[in-house]
Every structure is written in C-alpha cells, then in structure tokens.
Amino acid sequence: MATFTIDGTAIAYEIIGEGQPFVVTPGGRFSKDTPGIRELATELARHGKQVLIWDRPNTGASDICFRGASESEMQADVLAGLLGELGMAPAIVVGG
C-alpha cells in the first residue's frame, strides 16, 4: 500500500490501470478495501482508465485530520492535492 503526505496528513492509496484518470471514493466511513470499490476500479481499468482508490482522511489506513471548515471540504482539498502530486489531475471522481 502506497502513502503520500498531503498537508501533513498521510493518505493511503492505490492506482489501478493506465489511461484517463478516474477516482473511486467510498462514502461514509468506508475504506478503499470496502467490497465493490476495488472491483469497480478494476473494471474501469479494463476499459482504459487509470483509477485511484484511496482512504480519505479519517478512514482506513489514512491519518486522522481535523482541519478545515468541514470534513467534506478538507477531504476535497486533500484529494485535489493527492491528484496533483500523482499527476492525475484533472480526473473524473465517482463515489458514494
């Protein structure tokens, strides 16, 4: 499992496939290891997509973070930073 530190927060992620950048992000307190997440990413990769699956801050193997005006805003900022660092921006984001 790879990690990248964005604004002091370690983020766990995996990249599956090559091609047009996509992000599959689970909702709630679910991690990238939630059943269905990897399967969806693998299927997208079979169709020419490079898919990022990740544990948002405060979920899975990523660090806890209490920064920002809201948790949703903080997670969006971290994802934007992660996509930039990985050279995957812009990307299509899908999730629950």
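This report walks through the fold, the nonpolar cores, the surface and one loop glycine of a predicted model.

## Ground rules

Residues are numbered from 1 along each chain as its sequence is written, and side-chain values use heavy atoms, with hydrogens and water left out. Because the model is predicted, local features need pLDDT of at least 70 and side-chain atom pairs count only at pLDDT 80 or more, while totals for chains, interfaces and linings use all residues.

## Overall fold

Let's start with the chain as a whole. It holds 2 helices and 5 strands, where helices (H or I, at least four residues) and strands (E, at least two) are DSSP runs numbered from the N terminus. Read along the sequence, they follow the pattern β-β-β-α-β-α-β.

The C-alpha trace spans about 35 × 25 × 20 Å along its principal axes. The radius of gyration, taken over C-alpha atoms, is 12 Å, which agrees with the value near 12 Å for a compact globule of 96 residues; that rule is 2.2 Å times the number of residues to the power 0.38. Contact means heavy atoms within 4.5 Å. Among contacts between residues at least 6 apart in sequence, 69% join residues at least 24 apart.

Buried residues (under 20% relative accessible area, with exposed over 50% and partly exposed in between; 1.4 Å probe, protein chains only) make up 43% of the 96 residues. A nonpolar core is a set of buried Ala, Val, Leu, Ile, Met, Phe, Trp, Tyr and Cys residues joined through side-chain atoms within 4.5 Å.

The largest such core has 13 residues, and Leu52, Trp54 and Leu82 touch the most other members. Two or more residues each come from β2 (9-16), β4 (49-54) and α2 (71-86), with α2 giving the most, 5 residues. Leaving aside residues up to four places away in sequence, Leu82 touches Phe4, Ile6, Ile11, Tyr13, Leu52 and Trp54. A second, separate core of 9 residues includes Ile16, Val24, Ala41 and Ile53.

## Surface and charge

The accessible surface comes to about 5,100 Å², of which 55% belongs to carbon and sulfur atoms; areas come from the Shrake-Rupley method with a 1.4 Å probe, and for residues only the protein chains shown count as cover.

There are 7 positive and 12 negative side chains, and the centres of the two sets lie 5 Å apart. Lys and Arg count as positive and Asp and Glu as negative, without His or the chain ends; each charge is placed at NZ of Lys, CZ of Arg, CG of Asp or CD of Glu.

## A loop glycine

Gly36 sits in the loop between β3 (20-25) and α1 (37-46). Gly36 is partly exposed, with a relative accessible area of 37%. Gly36 and Pro26 are 10 residues apart in sequence, and their C-alpha atoms are 9.4 Å apart in space.
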